[in-house]
2 protein chains.
Amino acid sequence: MTQYRAPLRDMRFVFDEVLDAYATLQSLPSQREFGNDLGGAILEEAAKLAENVLAPLNGPGDKQGCHYDPETKSVKAPDGFRQAYKQFAEGGWTALACTPEFGGQGLPSVLNMMVEEMVCSANLSLGMYPGLTHGAINALTAHGARELQERYLPKLISGEWTGTMCLTEPQCGTDLSLIRTRAVPQADGSYAITGTKIWITGGEHDLVDNILHLVLAKLPDAPDSVKGISLFLVPKFLEDGSRNPAFCGGLEHKMGIKGSATCVMNFEGAQGWLIGEANKGLKCMFTMMNSARLMVGMQGLGIAESAYQVSLGFAKERLQSRSLSGPKAADKPADPIIVHPDVRRNLLRQKVMIEGCRALAYFTGLHEDVAHDHEDAAVREQADDLVQLLTPVVKAFLTDEGFNCANAGLQVLGGSGYTEDWGIEQLVRDARITLIYEGTNGIQALDLVGRKLGLGGGRAVRNYFALVEGWLKGNADSEHALALGNALKQLQQATLWVASEGMKDPEQAGAAATPYLRLFALTSLAWMWARMAAVAKAKLAEGSTETLFYGAKLKSAGFFMARILTETDSLLAEVKAGKATLMVFSEEEFAA
Amino acid sequence: MTQYRAPLRDMRFVFDEVLDAYATLQSLPSQREFGNDLGGAILEEAAKLAENVLAPLNGPGDKQGCHYDPETKSVKAPDGFRQAYKQFAEGGWTALACTPEFGGQGLPSVLNMMVEEMVCSANLSLGMYPGLTHGAINALTAHGARELQERYLPKLISGEWTGTMCLTEPQCGTDLSLIRTRAVPQADGSYAITGTKIWITGGEHDLVDNILHLVLAKLPDAPDSVKGISLFLVPKFLEDGSRNPAFCGGLEHKMGIKGSATCVMNFEGAQGWLIGEANKGLKCMFTMMNSARLMVGMQGLGIAESAYQVSLGFAKERLQSRSLSGPKAADKPADPIIVHPDVRRNLLRQKVMIEGCRALAYFTGLHEDVAHDHEDAAVREQADDLVQLLTPVVKAFLTDEGFNCANAGLQVLGGSGYTEDWGIEQLVRDARITLIYEGTNGIQALDLVGRKLGLGGGRAVRNYFALVEGWLKGNADSEHALALGNALKQLQQATLWVASEGMKDPEQAGAAATPYLRLFALTSLAWMWARMAAVAKAKLAEGSTETLFYGAKLKSAGFFMARILTETDSLLAEVKAGKATLMVFSEEEFAA
């Protein structure tokens, strides 16, 4: 079976050559010193960790899974996870993009995303323990009282402790107004938290000695809506070492990510502290959630990359049938299956989706850094708009395609792929959750049409289109200008349709949401591919010796435009099909 | 969790009202007596068996799996499978469409397909044991020597024994020329079979007392190609009760269908008998394979139906958020999620795909009966053309969509769907193999463009298009005539492109194959939906009281045309994209 190798060359191509990210980052006060040497060295170290420490535990972790002991209410992660996590934390990877004020390294967010991609390629289940911690760090950094920050941030950032996000309850998933967990104020300023949370990633495990739960709950007098939700910090162990009654009641048995402990958590009057203002928990939650959504997008990308590597390795080795244009490996009993057009189609769909998605994700991540740190408020706002606009696109499209790529990869392996021997069926099972958690992909689409298109009265989307148009003007000689321009026009038509029809009737926007998001994503990828092709062409014109690498980029761009971007016609038609096709059905007619 | 209920009303609608199948069948000498009463009664009995006996064992069978004992080389199927299979066989279900000459009931093949759909909805793993037997029966009936037929057919048909198809070897999947298993002629006219076969469904199990293996092997002097393959019958136990050395060497550990024993089979000089002519095994194999391919299509359809039922049940019960057009269940804390447009989209994609696929499958199955039994050779030939043409379409499209529907269903359930509690993640895992076995869906697409389009010099496809055009002429008032006519035109353009370009260069056909098959399938479904809508409209015009049922059909047809058929534009564009986009890549560039 193919061993995962981090695609460092391609990561650097996007980061350095296409996005010119070092220049952008060096314009930020916090990143003046961040250059090619440092960035490159960090990525190489992360690659080693992912390849040598995390990846070898992925298959065994899936087979062994997590185990719950009802006596002690404790959870044991798969063998090796504790040691690997320790290595991860001690290597400074949990602290990478965190604030130096509390022991972080203050490196760019986008670099953290790139590391996350490799971690998720290697071992999604293991990567989720520190991944969720990151959300808790963000919320605490942005909204926590100074005292709470000082007490908890250093140990979260160092990775000595991990964090969770406790949102979901049995009756309450997408609709957080239904939360029943209660927080009762105590005399000492803390709160007693009581309620049951489900699907809590890393709610209990043996990787670290303490776990900090970030819990959504309602105060006794809270309004009966999402405006009545508050966020609390609830440690497993209190400062005096006593056990807080926040217990794991059991594990979910899941299709995949079996090495990740998905817990039922029972809060039995556990002591907690308010984060941010009372009844403003939703805002704090979105601080966790937005960065978590980008990270879930990276999970999709990471899995896709792994699947591609496995299926490409198989396609080069597996001998079956002769090429339709005559034998290619005449000395062997048959040709490697990579000679067959339909196998190539499966491989190339993965390849161009992965590389296009990588560019879009890093592009978004880079703007996250600009949005946080740029000196000019107008630049920050524009970057923040862009991140907000693209976050649901990155989350939904990269996970949709992560799953599609894993399946395309499995298909290349045929029956071998369906067995547990090659690890690719695990990638399919692991990838499947990424379309669901941190807001299902349907919810991402609603976020895009319902909230993000209206951002600043349409400012965010107008600015984004202006960026693409600006690029087209500056690159009129691009051989992909026509295809990109057409896709952009279709996206603009769809946007106009959604904006005008959705204004009159929000169900119109809801009915268009999913195909609209995909149209948005494909157009964005077309832009990324046009840009990548332009850079590759320029490099070749400059006489670069990397003719294989840049030549492949040009061909991949051609494949994307000819065989993927064609989908936009259908998507625009579906957007315009309108809500009637869906809403005309009575509930009974669904079962008729 | 929703219990499976066989969709008898819809099955009858397609069979009786849309296809007028009883009239067609009664025109065949063998089916003069087969009428509505008998057909309806059989379907109702099959439904009871599927719902009450097979379905309850599906989840437990997945969890328990099959177990191999290396000491005895025996395999234990999950608890209850043996008893359920016994009930299945004793109920006459294995004998349904088999020849009365050897104890079969001689009922139509299409009826057997309908039963198969229900069996696969209920329990794919269990259904595979008799399913594979059916292939063995077909091969033996068509090609076996009289003596072999008399010796083995009665017990296969009664279900007392089961059969297997032993094709694949470690080095040999799609490319059967690579077979290494050897057959050495013995003095008594039998053959000694030696070799290893893998992925043998039901190769060893405890459901019955004897298993008959149909094994592809090569004679000592056989040509070194697919023209050197012969088919042999190798029983587990010989007539004198002695054990034939055909042993199970172990089980595959698979993503799904865990209740189905997927065996490594070691033939160690096992005694076998030739079926059909020496070196003509491929032809015999295709007799098994073609009907097996249609049955795999039914597996996809069956799983899709189950997934739809589970997700529809969930969507009606799960309360989450309010409708965008105002509360629909004001007395409850939130509305059932079926009110949300994007949830409806997920449900309706399943619904219209399932019903369209059902119509296409039964249409194909009905022609299988005509092809076998019609008195007029010209009618037989036309029907056989149609079955051959549509077999790869039914296999690939129904399994693609079976998997898509299972995933759409899982998505409706969100996080719940990812847990093992609701059974839908099992449907996704079980469905995944159907895109692979009996020829991957890529191979089906190659079969369609490479063999079936050329059938009778293009006669098969011309006749099929003429059928659709004939329907359009006779139904000019259909509100879907325009959409169907457009799709047909696109399919005809694509066919012309594939035929002319593929003639010059077979890689052009290979590069177009997968999108071409999908375009073919969607156009065929559009025809089915136009027909179903026409029948529903007529029934309503006649004053039928089933307004809910027929009304839903009209709306579903509208959904299909507006939101699914739009994909044809993109598919035609991809067909015409040509091979260069794929073949231009060097092997190294895939990894660049």
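How many residue pairs are in polar contact across the interface of chain A and chain B? The rule finds 58, with both residues at pLDDT 80 or more. A polar contact is a pair of N or O atoms within 3.5 Å; within protein, one must be able to donate a hydrogen and the other to accept it, and residues adjacent in sequence count only if both atoms are side-chain atoms.

The model is predicted: local features need pLDDT of at least 70, side-chain atom pairs count only at pLDDT 80 or more, and totals for chains, interfaces and linings use all residues. Residues are numbered from 1 along each chain as its sequence is written, chains are lettered from A in the order in which they are written, and side-chain values use heavy atoms, without hydrogens or water.

**View 1. The interface of chain A and chain B.** On chain A, 95 residues are in contact (heavy atoms within 4.5 Å) with 95 residues of chain B. The buried area is about 8,300 Å², with 59% from carbon and sulfur atoms. Buried area is the accessible area (1.4 Å probe) that two parts lose on being put together, summed over both. Tyr418(A), Arg563(A) and Phe590(A) supply 11% of what chain A buries against chain B, more than any other three residues.

**View 2. Charges across the interface.** The rule finds 8 salt bridges between chain A and chain B. A salt bridge is a side-chain nitrogen of Lys or Arg within 4 Å of a carboxyl oxygen of Asp or Glu. Glu420(A) pairs in this way with Lys258(B), the closest N and O atoms being 3.7 Å apart.

**View 3. Salt bridges within chains.** Over all chains, the search finds 80 salt bridges. Lys218(A) joins Asp224(A), with the closest N and O atoms 3.5 Å apart. Lys218(A) counts as buried at 2% relative accessibility, whereas Asp224(A) is exposed at 71%. Buried means under 20% relative accessible area, exposed over 50%, partly exposed in between (1.4 Å probe, protein chains only). Asp447(A) and Lys452(A) form another salt bridge, at 2.9 Å between the closest N and O atoms. Both Asp447(A) and Lys452(A) are buried.
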